[in-house]
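Subject: Structure handover

Hello,

Here is the structure I promised to pass on. Please open it first, then read my notes below.

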Amino acid sequence: MNRPLRSFGQPARSGRPGISPAEGIARLNAGALANGSLLGFGNGRSYGDSCLNDLGTLIDMRVTNRIIRFDASSGLIEVEAGVLLSDIVAYAAGQGWFPPVVPGTQFVTVGGAIANDIHGKNHHRAGTFGCHVESLVLLRSDGEVRHCSPKTNADLFAATIGGMGLTGLILSATIRLMRVPSLAIDQTATAFRNLDEFFDLAPEGDRTSTYAVAWIDQMASGKQAGRGVLLAGNHAEDSAFATAKPGRLLRVPFQPPISVLNRPFIRVFNGAYRWKQGRTKQSRVGYQSYFFPLDGVRDWNRLYGPRGLLQHQSVVPEDAAREAIPALLAAGRDESHASFLTVLKRFGDRPSRGLLSFPRPGYTLTLDFSDGGAPTRKLFERLDAITVDAGGAVNPYKDARMSPAVFERSFPNWRELEALRDPAFLSDFWRRTALALEPASGTKAA
C-alpha cells in the first residue's frame with residue numbers, strides 16, 4: 001500500500017509516497033494493468049482521497065520540477081508537472097507575471113492544479129486554473145504520449161482538466177500567466193451584519209475587485225447569522241515585485257491529544273477577528289499573507305486534533321443561495337459543530353475547459369470541522385443533502401466520504417470522464433463513488 005502518512009485534511013507528510021516517475025513510465029510502457037493501478041501524486045495538499053490509491057501505486061511527480069521555457073513578453077510558461085506554484089512565483093514574478101489562479105496554498109504542483117482544476121479568490125474574473133492551460137502533455141497506458149489542447153486531442157484535454165489524474169500521467173503543461181503591476185494587494189475590508197447584507201455587497205465587490213472572498217462567523221445566530229467580513233483586493237500599482245521565500249516562522253510543535261479548535265476558542269477567535277478586520281477598511285498586504293496565510297504556519301493541521309479535519313465545500317446556484325447558505329451554516333450549529341475557517345465566495349460564469357470541474361455560477365461555501373467521527377459524518381450527510389437538493393455540488397477534491405449518489409447528483413456527466421479514463425489509472429475516490437454506480441455503457445477510449 002502506497003498511501004501517504006496523513007489524516008484526511010492534513011497535508012501529506014510522506015517523503016516517498018510511491019514509485020518514481022521513471023519507474024511509473026516504465027510500467028506504463030510495459031503494460032501497467034499487469035502491475036495494478038497507478039495514479040500520479042503531486043504534493044499531497046488535497047484534503048480527501050482523490051490523490052490516494054490504496055489498492056495500487058502512486059507515482060511521485062515532485063521530482064519532475066523543471067521550468068522548461070518562459071516567454072517574458074507573452075507570459076507563456078512551460079513547466080514539468082511537479083513544478084510548484086511557489087516555484088513559478090519565484091521565477092516569473094520579478095518580471096511582472098503571476099499565476100492566473102492560486103488556491104489557499106502555493107505548495108501545489110502544476111499537475112495537481114490541472115487535475116483538480118483549482119479555483120481562487122478571482123474566479124469571477126479569471127475562472128479556473130484550467131482556463132489558462134494552453135496545452136499539456138499526457139502519457140497514457142498504451143505507451144503513447146498525447147499532446148493535448150483545445151484543438152488537438154480536445155476530448156482528452158477537457159477530461160484531464162478537473163479529471164483528478166484519471167486520464168493518464170501529466171508530464172508537462174504550458175500555462176499563460178497573468179501580468180500584474182505589483183505583487184502587493186490593496187485590500188478593502190467591509191464588515192456585514194448578516195448574510196442578506198453579504199448577498200447585497202457581493203456583486204459590487206466582484207465588479208470593482210480582482211479578488212473577493214468573505215470570512216464568515218459560522219457560530220453567529222439570530223439576526224447576526226452569517227455575519228462576517230468581505231475582503232476585496234486588487235494588485236497595487238507600486239511596481240513592487242520582490243518575492244519572499246515561503247516563510248515557516250510559526251510552528252505547531254506537537255500533536256495535541258484533542259482538538260484545540262473547540263467551540264469556546266472559535267467563538268472568541270471569531271469575535272476578535274471580526275472586530276479587527278471590521279476596523280481596518282483599507283490596507284496594503286503582501287501577496288503571501290493575502291493568498292497563503294497558512295503557509296507560514298508549519299504543521300497547522302495538528303490544531304485540529306489527532307483525527308485531522310474534514311472540509312465540506314459546496315457550490316449552489318445563485319437563485320438558491322439565500323436559502324441554502326443559511327441552512328448550511330445552521331446545520332453545523334444544530335449538530336454542535338464549530339467551523340474554524342468558514343469562507344464564502346461568489347463564482348462567476350466563465351466556463352471551465354474541464355469536463356468535470358467543480359466551480360459553476362453561484363456561491364461556494366467552505367466549512368472546516370475537526371473530525372469528530374460518526375457525529376461529523378452525520379453532519380456532512382446533512383450538508384450534502386442541503387447542497388444537492390438546492391441543485392448544487394460537493395467538491396470532490398476536498399472530500400473524504402461523500403456517497404456515490406451525492407457524487408452523481410453533483411456531477412451527472414461523470415460517465416463522460418469514465419469513458420475517457422485511462423484503464424490503468426484509479427484513485428480511492430473514484431473507486432468508492434463512480435465505480436460503485438452503474439457502469440458507463442460503451443468501451444473506454446485507450
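Strands E3 (residues 67-71) and E4 pair in the antiparallel sense over 4 bridges. A strand here is a DSSP run of E, at least two residues; a helix is a run of H or I, at least four; both are numbered from the N terminus. Two strands pair if DSSP finds at least two bridges between them. This is a predicted model: local features need pLDDT of at least 70, side-chain atom pairs count only at pLDDT 80 or more, and totals for chains, interfaces and linings use all residues. Residues are numbered from 1 along each chain as its sequence is written, and side-chain values use heavy atoms, with hydrogens and water left out.

Back to the hairpin. E3 and E4 have 4 residues between them. Gly 75 sits in the turn, with a positive phi of about 85°. Arg 69 has Glu 78 in E4 as its bridge partner. Glu 78 also stands opposite Thr 174 in E8. E4 and E8 (residues 169-176) run antiparallel, joined by 5 bridges. Strand E4 (residues 76-80) is largely enclosed by the rest of the structure, because 4 of its 5 residues are buried. Buried means under 20% relative accessible area, exposed over 50%, and partly exposed in between (1.4 Å probe, protein chains only).

Next, the open sheet. It has 8 strands in the order E14-E10-E12-E11-E17-E18-E16-E19, with antiparallel pairing. E14 and E19 (393-394) are the edge strands, and each pairs on one side only. E10 (residues 185-192) is joined to E12 (residues 228-235) by 8 bridges. Gln 187 stands opposite Gly 233 in E12. E10 also pairs with E14 (residues 282-285), over 4 bridges. There, Thr 188 stands opposite Gln 282. E17 (residues 342-347) and E18 (residues 362-370) share 6 bridges, and Lys 345 stands opposite Thr 364 in E18.

Finally, the cores. A nonpolar core is a set of buried Ala, Val, Leu, Ile, Met, Phe, Trp, Tyr and Cys residues joined through side-chain atoms within 4.5 Å. The largest has 78 residues. Phe 98, Ile 114, Phe 407 and Trp 430 have the most contacts inside it. Which residues does Phe 407 touch, leaving aside its neighbours within four places in sequence? Among them are Leu 356, Met 402, Trp 414 and Trp 430. Contact means heavy atoms within 4.5 Å. A second, separate core of 28 residues includes Ala 321 and Ile 386.

Best wishes
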